[in-house]
Amino acid sequence: MKDDSTKVMNAAEQESMSLPENAFTELKPGEEYIPPMRPDQSYPEATGYSVSMGLIMAVIFSAAAAYLGLKVGQVFEAAIPIAIIAAGIAGVTKRKNSLGENVLIQSIGAASGIVVAGAIFTLPALYILQAKYPEITVNFLEVFLSSLLGGLLGILFFIPFRKYFVKEMHGKFPFPEATATTQVLISGQKGGSQAKPLLIAGLVGGLYDFFLSTFGWWKEVLTTQAIPALQTFTQNTKMMFSINTGSAVLGLGYIVGLRYAFIIFAGSAFIWWCIVPLLGSLVPSMADMAPDAIFKGYARPIGIGGIAMSGVIGIIKSWGVIKSAVGLAGKSFSNKGAQEKPIRTQKDISMKILVFALAAALAVTFVFFWLGVIGNLLQAIVAFFVVVVIAFLFTTVAANAIAIVGSNPVSGMTLMTLIVASTIFVAVGLSGTKGIIASMVIGGVVCTALSMAGGMVTDMKIGYWLGSTPAKQQTWKAVGTLVSAATVGGVILLLNKAYGFTDPDVMAAPQANAMAAVIDPLMMGGETPWMLYSVGAIFACLLNWLGVPALAFSLGMFIPFHLNTPLLVGGAISWFVGSRSKDEKLNKARQEKGTLLASGFIAGGALMGVVSAGMTLAGFSYECTLSEGVTSGLAVVIYLALIAYLTIACLKAKKED
């Protein structure tokens, strides 16, 4: 695991490492991107220290993320807090040449949040339905293999697309999470001006989100529905406004930028201000329903249909990329590309190894479906091809979503996969409780594969920006996936035994409950909202025809309004601070300072999410006694203060910063 001929830097050289000026901009014809860890030199990456630290992080963060995700339905991104810890330890121990090691620690450890997202969105649904149908059985091996095989397929399916997403699309996508993580890692190599604002912003954002989520002294979600004077108006019109006041989401919006943030918000506004009020006024049975209930039961499926069709459109548009990737695989496998030796920073796993590994993973997946889940050869073959085709085709969609907004619509794509797969399964005689087990385990494989594809684009972009060796990241990511899958499987079984997943006040498991609600009528007989899915699909086609990014808009229709509104606020701040001066260099300096601060907000919020999860797991609880009016008023004041801090701090930046 030790790199040969590594470059040894002194302290001054290490602290002077920084991202080039063209790190976040499109490259001009003939221009090249040269990362801090230069392609023509070697650096320590896969060492005993980095691998062991990465695996420890994978275990810890898998347990914390699984608990928090099943508790409230939100899976925090593990890459950022792991990067902070890795950089912090390297700084305290004065470890030399630590950047490459820190990237690998993050790569291995971040498999935790990715695998957790894939597992908890689907597999707990088996326990939920087990309460209704006692004949449903589930064991650790099913949960473990579903997560492991899905994660490995996600890694292997993405590798041929790495160059397209991280190199050819350089400067064209914002890569929010990758940007934040990269800023953390590169700032860890520096002192003074770079590390200080990131640390301060991390403390501000972290403490802000910690007090917000742990003590609830001010409202986390502000909504017009809670204002007494507007309650009658909201009930009659079904029209409302809501916003999440967390610092991490605000920072995410800044990095996403105004263009994509506005499109996402427009999707939310369309659903909440047009569709929900329309349904509430035209459908008598919805007249007494709250806007949230109309959204979850009737409007959100439109977003699912839009995401699914956006995925199909994305596949069609990416067909050239898919064909070239497959062609590259065939060329490399037949030794026709052996003469071309890639530089270190563009060296992926050998295509021969990739093909053999993929064949082995697919073979194990088929045997698992046949002998471990279904027991019927024909039905296992059908299930296998459904998983392979959908997982491969939606790989580019998941990666695209992460590259644009930092949010993977994996639950929406998995829900649509379950609907399509279940319809096919019923047609070949796989239904009832046996069909439920098959659909959810298979859905877990697809969900984890798509989650991993989204995670890989972030991981590979971080490595590209900093100059890591892709092959090493890819190899050890697979090891991190193995450890995370085992940890998640154990945590899910323990939490089900301790609490179950049917009481929203104890373990809400919202995505798994949604999956259970959809799969039950499909397999046991019932109605499916095909009309609503079709409306969303038609709308996505219309958006694409008009030139509007359909996936971003559909994400807005699917993700709750209160999470999309702060994206617009953060995007507006980014536009404001980057357009106040006639001096473009000053505008750029201000925006870059804002990116650093926004990264601190995201990092601090994510790290405090781990602390909050640990405190909750340890039994800590606190009930705020302040009235709703007081907490709402405090939320407005404190949130405006946070916005002012970010804006003013950006405007104070100077060109030499």
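This is a predicted model: local features need pLDDT of at least 70, side-chain atom pairs count only at pLDDT 80 or more; totals for chains, interfaces and linings use all residues.
These notes walk through a few features of the structure above, for someone meeting it for the first time.

1. Please read residues 2-6 with care, as their pLDDT is below 50. Even so, that stretch has eleven contacts in the model beyond near neighbours in sequence.

2. Next, the overall make-up. The chain has 26 helices and two strands. Of its 657 residues, 57% count as buried. If you look at contacts with a separation of 6 or more, residues 24 or more positions apart account for 83% of them.

3. The axes of helix H7 (residues 140-158) and helix H20 (residues 470-498) come within 8 Å and cross at roughly 155 degrees. Angles over 145 degrees count as roughly antiparallel, so that is the description for H7 and H20. Their crossing is right-handed.

4. Which residues make this contact? On the H7 side they are Phe-140, Val-143, Phe-144, Ser-147, Leu-148, Gly-151, Leu-152 and Ile-155. The H20 side brings Gln-474, Lys-477, Ala-478, Thr-481, Leu-482, Ala-485, Ala-486, Gly-489, Gly-490, Ile-492 and Leu-493. Sorted by class, the contact of H7 with H20 has twelve nonpolar residues, six polar ones and one charged residue.

5. The second pair is H12 with H26. Here the axes of helix H12 (residues 247-256) and helix H26 (residues 628-651) come within 11 Å, crossing at roughly 40 degrees. H12 and H26 are therefore oblique to each other, and their crossing is right-handed. Ser-247, Leu-250 and Tyr-254 of H12 make the contact with Tyr-639, Leu-642, Ile-643, Leu-646 and Cys-650 of H26. By class, that gives seven nonpolar residues, one polar residue and no charged ones.

6. Gly-435 belongs to helix H19 (residues 432-466). Is Gly-435 buried or exposed? Its relative accessibility is 0%, so Gly-435 counts as buried. Setting aside neighbours within four places in sequence, Gly-435 is in contact with Leu-430 and Met-523.

7. Asn-97 lies in the loop between helix H3 (79-92) and H4. Its phi is near 50 degrees, a positive value in a residue other than glycine. Asn-97 has a relative accessible area of 8%, and the cut-off for buried is under 20%, so Asn-97 is buried.

8. The other is Lys-238, found in the loop between helix H11 (228-237) and strand S2 (242-244). Phi of Lys-238 is near 65 degrees, again a positive value in a residue other than glycine. What is the relative accessibility of Lys-238? The value is 1%, so Lys-238 counts as buried.

Methods
Residues are numbered from 1 along each chain as its sequence is written. Side-chain values use heavy atoms; hydrogens and water are left out. Axes are lines fitted to C-alpha atoms, for helices over the stretch in contact, and angles run from 0 to 180 degrees between N-to-C directions. Helices (H or I, at least four residues) and strands (E, at least two) are DSSP runs, numbered from the N terminus. Angles under 35 degrees count as roughly parallel, over 145 as roughly antiparallel, 65 to 115 as roughly perpendicular and the rest as oblique. A crossing is left-handed if the near helix is turned anticlockwise from the far one by less than a right angle, and right-handed if clockwise. Contact means heavy atoms within 4.5 Å. Ala, Val, Leu, Ile, Met, Phe, Trp, Tyr, Cys and Pro count as nonpolar, Asp, Glu, Lys and Arg as charged, and the others, Gly among them, as polar. pLDDT is the predictor's confidence in each residue, from 0 to 100. Buried means under 20% relative accessible area, exposed over 50%, partly exposed in between (1.4 Å probe, protein chains only).
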